[in-house]
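I set out to record what the domain division, the chain interface and the sheet look like in this entry. My notes follow in the order in which I looked things up.

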Amino acid sequence: MENLDDLRVSLQEGRLARGEFLRRALALGLSLPAAGALLASWGRGGAGIAQAAVAATPKRGGILKFARNFEPVTLGPFGAADNGTIWTIMMVYDQLVEYQPGSFDPKPGLAKSWEITNGGKTIVFHLRDARFSNGAPVTAADVKFSLDRFKNPKVNNLLPFLATTIASVDAPNPKTVVMHLKRPDGAILSNLTVFPASITPKAVVTKLGDKAFARKPIGSGPFVVETWVRGQYLKMKRNPHYWRPGQPYLDGVEFDYITNDNTRILKLQSGEVDVAESIPFSQVDSLNKGATRVEVAPLASIDGIWLNNKHKPFQDKLVRQALNYATDKESINRVVYFGHAQVANALYPFFKYTDRSVKNYPYDIKKAKQLMAKSSVPKGFDVTILIPSEDQTKAQMMAVVKQLWAPLGVRVKIQTMETGALFTKYMNGDYEASDPLPSITSDVLVPDELALAWLEPGGVQHGFWSYYTSKKAWSLTLAANSSTDEAKRKKIFGQIQRLTLQDAPWIPMFFVPARTGLGAKVQNFHTLESGWWNLWEVWKS
Amino acid sequence: MTAYLVRRLLHAVLVLAILTLVAFMLIHLVPGDPVRIMLGAHAPPAAVRQVRHELGLDRSLVRQFASFAGGLFRGDLGTSINLQRPVGEVLGPRIGPSILLLLYGTVISLVVAVPLGVLSALYRNRPVDHVIRVLATIGLAMPAFWFGLLLVEIFSLRLHFFPVAGYGDSLFGHLRSLTLPAVTVGVYLAPLVIRTLRSSLNETLAADFITAARARGFEERRVIGKHALRNALIATVTILAINIGYLISGSVVIESVFNIPGLGSLLVSTISVRDFPTISALTLVFGVLVIVVNLLADLSYALIDPRIRL
C-alpha cells in the first residue's frame, strides 16, 4: 500500500513528477489544497513550488500543440476502437458520466445526478443544462437515441458487451432519462463512460447518417473539430457552449501526428509543440531536466508473457508458477523501463478493488527450481516466445527473460513477427508463449470488463487466448458484476485476484504507465488512467 | 528517337503489369488481418466478419485481384481499409512532398558535388583531392537518420534556422521545412556523384581528343567544361538516376524522421495496419516514379552527347 511517506521520499528523490505526486496524493484521499501545500513544502526545486502556487489562477487563451503518435481512424463514436480515435473523440463528445483525473469512480457528466432504485435495476439520470456545439440543447431524447444505439450490437459492434445489461432507456421528460436494467450491474456506470456511449444530437445524426456525421462531428464536449488533414494534423477549437463554466481555458488544441519518437521529442525540446506523447522510457529522465518535464501516469494496461495453457508443458500449473517465480520483474523494470513501470500484483488491473496486500510472485529461483523438479518437465523444455517485430522494448524484455529462465533448463527462442500476422496467429491459439500487443488495456476503470471477457468458460476470448478456465473464478466474476454493493464487490474481486494469480495462467509483469512530455508553459495537465487527458482544464502560462 | 521512346514505354507498361501482380501477391501472402488490427482485441467475431465482408476481404484472392486490376483500368485505385477513403485521395496529396524533397535533395547534391568532383579530378592525388575523397567517404558512410538528427540538433535546436520537422504551409514554408531533409538526401547522393564524376573525368582527360583540344590552344575552362565534362557526365547521370530511383522508396526513413507527409511515411503506416489496397497502389506509384526517372535519364543522354541518336 502506498502511503504519504513513500510519496514524500519518491518526490524528494526526484522519482516522482509533481503532477504525478498530486495525482497519487489525491488518490490517497487528500484534498487538492492539502496536496498542493504538501507539494510546496516537500517539492525540491523552486520551480515546483512556484508552479503549485500559480496553479490556482488559470490563464485563458492559447493553442495547445500536441505531438501525437496515433491518428484517429474516424471521428464518430462507432467504427473504431484504437487509441488514436478514442482519445481524440473523448475531447469532442460527452457521456452521461465521465472519469476525472485521480478517480476510479464515474463523476457527473451530462447527468448532474442520478438515483439507483428498484434493487439496482433502475437508474434515473437528471440532465444538466448543456448544449451541443451547434447550440442545440442536450435533451433526454438525444440521450435515449444515443444509448439505444449504444445497446444495439449492430451499431455498437465493437463494445456491445458493455451494454448487455441495459433493457431499455426512457425519456419521460426533456431533463430526465430512466434506464432499466435486466439485472443489477455493478459496472454499469463505468460502462456508460466509454466512447460508444457518447451523447450525440439525434436530429443531426439522423439527417446526415453515421459516415457524414463522423466527418463533421457535433458533440457537447470541450472542443470542436475544425480541420483534419490526414497524416498531418487535426485542429480543434473551444466549444463556446461547453457546460463547465469558463472552460476550456485553451482557445484550441492542435494534434500533430508524428510517428517517430525522436522527432516528437525534438519538437518538444525546440518548443514547436507543448506536449508530446509516448516518450520512450530511456528518455524520460533526460527530458525531466531543463525546461521540459515528463508526466508518468498509471494506465489501465497490463504487460506480461501470455502462456498457451493448451500447449505442453503449460497445462502444468507447476511449470507456470515456476516461470512466474523465475521472472525477476524488478530487474526487468530497471533494465527495460528504467524503473518507471509498476510491478503488477494481479493478472490484469483491478483498479480500486485491488487488494494491495496481494504480491506478485517474488523473484525466487530456488523455489522455481523446486517447482520445476516436481513438474512434468523436470529437465526443462524449449519454448518460443512470439513478440511484435517493431517493438524494441519487448525485444529487450525477452532477452532478459531468456537469461532468467535458463537456470531452469528452459531454452527460450525469441521469434519476432509483424503485429498483424502475430495477432492473427495468437488468436488462433497457434503459439506457445507470447507478449502479443504493445499493451493490453481495459476500456473502463473497473475489472468487470476484462473479467467477463477473459474468464467466461467457452467465451470468445478464451482467457485472452491463454485458454485458461476456472469455474470458480467465473462464478465469482458473475457474483461481483451483478452486485452494486461496493464492499461486496471489493471483497469478491479480491478473491478473484488471489485465485487467478495463484493459478498463474500467464506471467503478469507490469502496469505500464503513460509518459507524456510537457513544455514549460503547460499547466494542470493530467493523463487519466483511461488514457486520455483533462484538456478542458489545461492552460498555458 | 520516337521508335526508341515507344519501345521504352511498352517496356514500362509490361514492368508495371508484373509489378502490380507481385505487389498484390506479396502483401497477401504475408499473414495478418487488417480488420482485426482495425477493430482491436476485444471486437466480437461477428463484427470482424461483418467488416471483412463489407471490404470484400472474404472473396477469393483471384477475384480480389481481378477487381483491383479492373479498377486500375478505370483509374480507380480502390478504397483504403484503414482510412475508409478512396486510395487516390489518400495518395494524391502525398506525391508532391516526396517529389519536392527528391528534387531539392538532387539539386543540393549537384550544386555541391559537380564542382567538388571536377576539382578532385583536376587535382588528382594532391591534397585537395584527398580531402574531397575523405569527405565523400564520410558522407557515404553516415546513416541518413543519424545525420538528419545531427542537423536538427545544430540548425533547429541551437540555431533555430529551420523547424525540427514538418512540411510548412506555403511554398516558402515547404522549402524551409524541407531544407534539412534535402541536405540529408543530398549528403547521401553527393559522394556518389563526386566519385563517379572524378573517375570518368580522369578517364576522359586522358583521351586523345582532350590532348588535341589543348593542342589547338583552347582555354582550359573550355576544354574541361565543353569537352571533358560533357563526356564524363553520362556515367554520372546513370548513377544518379539509379540512386534517385532507390531513394524514392528509400525516403521512408528520412520522411519519418522529419515527419514529411510524403509517400514513404505513408508506406510505413499502411504496412503496419495491412491496408492492402493502399500498399498495392503505393508500390505501383513507386514503380512509375522509378521508371519515369530512368526514362528521363535515357533521354538526357541524347541532350548531353549528340552522338547518341537513339
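These entries concern a predicted model.

Entry 1, domains of chain B. I first looked up how chain B is divided, and found domain 1 at 33-76 and domain 2 at 94-309. I then took the separation of their centres over C-alpha atoms, which is 40 Å. In the contact between them, I listed 5 residues from domain 1 of chain B and 6 residues from domain 2 of chain B. On the domain 1 side, helix H2 (residues 34-39) of chain B supplies the largest share, 3 residues. I sorted that side by class and noted 4 nonpolar residues, 1 charged residue and no polar ones.

Entry 2, chain B against chain A. I found 36 residues of chain B in contact with 32 residues of chain A. On the chain B side, the elements giving two or more residues are H2, helix H3 (45-54), helix H7 (144-158), helix H10 (220-257) and helix H11 (263-272). H2(B) gives the most to this side, with 5 residues. By class, I recorded 23 nonpolar, 10 polar and 3 charged residues on the side of chain B that touches chain A.

For Leu64(A), I identified Val253(A) as the bridge partner in E10(A).

Note on methods
Residues numbered from 1 in each chain as written. Chains lettered and ligands numbered in written order. Predicted model: local features only at pLDDT ≥ 70, side-chain atom pairs only at ≥ 80, totals over all residues. Domains from an automatic or database assignment. Contact = placed C-beta atoms within 7 Å. Helix = DSSP H or I, 4+ residues; strand = E, 2+ residues; numbered from the N terminus. Nonpolar A, V, L, I, M, F, W, Y, C, P; charged D, E, K, R; others polar. Pairing = 2+ DSSP bridges.
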